[in-house]
Amino acid sequence: MSDDVLGTIQSWRAEGKRAALATVINTWGSSPRPVGSQLGIAEDGAMVGSVSGGCIEGAVVTEALDIIEGAPAKLLTFGVSNEQAWDVGLACGGTVEVYVEAIP
Amino acid sequence: MTPAVLEALLAAQKAHRPAVLVRRLDDNEQTLIVDGERTTGPLLPPSLDTVVQGAVRNDKSTKLETPDGSWFVQVFNPPLRLVVVGAVHIAQALVPMAQLAGYAVTVVDPRRAFAAEARFPDVPLVHDWPDEALDALAPDARTAVVTLTHDPKLDDPALTRALHSQAFYIAALGSKKTHASRVQRLHDAGFDDTQIARIHGPAGLNLGAVSPAEIAISVMAQMTQVLRSPR
């Protein structure tokens, strides 16, 4: 198991893979991972670290792959009573904000 | 995050320097501060100084709003440290558990047959006497010290040094009887009740642990409990 998100991203880049970084920047209520938790995503879909207990990683990876392809960095919000287009929420009832950006 | 910021951040981590990455979320401008000094990125408004210092001290990343924008202050502190005194069987279980939990672990034991590379592959081993070793390692408020030797000649010098430090967790393995004699010796050495009460002895939560791995779990659990309890 490796928690070294930034080190892993750096080794992906050394292999010529593009990558993105997702960071929990705010939480309300019950949330599985604290502010500052990070998930690294490679262009081939590989992941390191986490931003939740597995509830929202799928959606974050989907966004991250778009951002790797050139979409701008994005602030995502996940929560139970979310009116946005997200299908995913947190079963625990909390809300998290996740910032997703490319590391070119 | 630009590649330059990523590289500077990784270099700071490798050098065990506390780093703070401050992002302005409105435009994703990023400033990296290492050891309190700005290394890359734009100057920050002075109103952020106290927030940055507090974030490092409390090891807590935070988002905040100021008239200058919306900011995310992310702390990258060096890992917690664990000093294990006594390269005994329980240490062989405790060391990998603590490493999984994110601790940088050092094992201290002057007995080279115990503190042998073959028993602790890739773990920093110190063969100095525990008081000298602790002086060099200089435990701080993000360090735990656990003695496992059962031998007062080795445990006591380590505990004495640990009590003079800010270590957040100090524990000594040994039965209640062993601990009672230890408390008496420390009293005789001039420590008062409040100081001695910092030592968790017998080490670990009372889980009824029997095997070395189970005892290591109980120590790891207690260390986590102390770390995460509000102080």
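Reader: How many salt bridges does the rule find across the interface of chain A and chain B?

Author: The rule finds 2 salt bridges across that interface. Keep in mind that this is a predicted model.

Reader: Which side chain does Arg23(B) meet in a salt bridge?

Author: Arg23(B) pairs with the side chain of Glu101(A), at 2.6 Å from N to O.

Reader: And Lys63(B), which side chain is its partner?

Author: Lys63(B) forms a salt bridge with Glu97(A), with N and O at 2.7 Å. That pair crosses between chains: Lys63(B) sits in strand 4 (residues 62–66) of chain B, and Glu97(A) in strand 5 of chain A.

Reader: Is Glu97(A) buried or exposed?

Author: Glu97(A) has a relative accessible area of 9%, so it counts as buried.

Reader: What about polar contacts, how many residue pairs between chain A and chain B?

Author: There are 8 residue pairs in polar contact between the two chains, counting pairs with both residues at pLDDT 80 or more. On the side of chain A that touches chain B, the elements giving two or more residues are helix 1 (5–14), strand 1 (19–28) and strand 5 (95–103). The residues of that side divide into 11 nonpolar, 6 polar and 3 charged.

Reader: How many residues does the contact take from each chain?

Author: Chain A gives 20 residues and chain B gives 18 residues.

Reader: And what area do they bury between them?

Author: Chain A and chain B bury about 1,500 Å² between them, and 60% of that is on carbon and sulfur atoms. Leu6(A), Ile25(A) and Tyr99(A) supply 33% of the area that chain A buries against chain B, more than any other three residues.

Reader: Changing topic. How many salt bridges are there over all chains?

Author: A search of the whole structure gives 16.

Reader: Which residue does Asp27(B) pair with?

Author: Asp27(B) forms a salt bridge with Arg24(B), and the closest N and O atoms are 2.7 Å apart. Asp27(B) is partly exposed at 38% relative accessibility. Arg24(B) is also partly exposed, at 26%.

Reader: What about Asp140(B) and Arg81(B), at what N to O distance do they meet?

Author: Their side chains form a salt bridge at 4.0 Å, N to O. Asp140(B) lies in the loop between helix 4 (130–137) and strand 9 (143–147) of chain B, while Arg81(B) lies in strand 6 (residues 81–85), so the pair ties together parts that are 59 residues apart in sequence. Asp140(B) is partly exposed at 36% relative accessibility, and Arg81(B) is partly exposed at 25%. Elsewhere, salt bridges that share partners join Glu15(A), Lys17(A) and Asp44(A) into one network.

Reader: What does the domain assignment give for chain B?

Author: It gives domain 1 (3–76) and domain 2 (81–228). Taken over C-alpha atoms, the centres of domain 1 and domain 2 of chain B are 34 Å apart.

Reader: One last residue. Where does His179(B) lie?

Author: His179(B) is in helix 6 (residues 176–188) of chain B.

Reader: Why does His179(B) count as buried?

Author: Its relative accessibility is 10%, and buried means under 20%.

Reader: What is His179(B) in contact with?

Author: Leaving aside its neighbours within four places in sequence, His179(B) is in contact with Ile199(B), Gly201(B) and Pro202(B). The side chain of His179(B) also makes a polar contact with the side chain of Arg182(B), at 2.9 Å.

Methods: Residues numbered from 1 in each chain as written. Chains lettered and ligands numbered in written order. Predicted model: local features only at pLDDT ≥ 70, side-chain atom pairs only at ≥ 80, totals over all residues. Heavy atoms only, no water. Contact = heavy atoms within 4.5 Å. Buried area = accessible area lost by both parts, 1.4 Å probe. Polar contact = N/O pair within 3.5 Å; in protein donor to acceptor, adjacent residues only side chain to side chain. Helix = DSSP H or I, 4+ residues; strand = E, 2+ residues; numbered from the N terminus. Nonpolar A, V, L, I, M, F, W, Y, C, P; charged D, E, K, R; others polar. Domains from an automatic or database assignment. Buried < 20%, exposed > 50% of the residue type's maximum accessible area, 1.4 Å probe, protein only.
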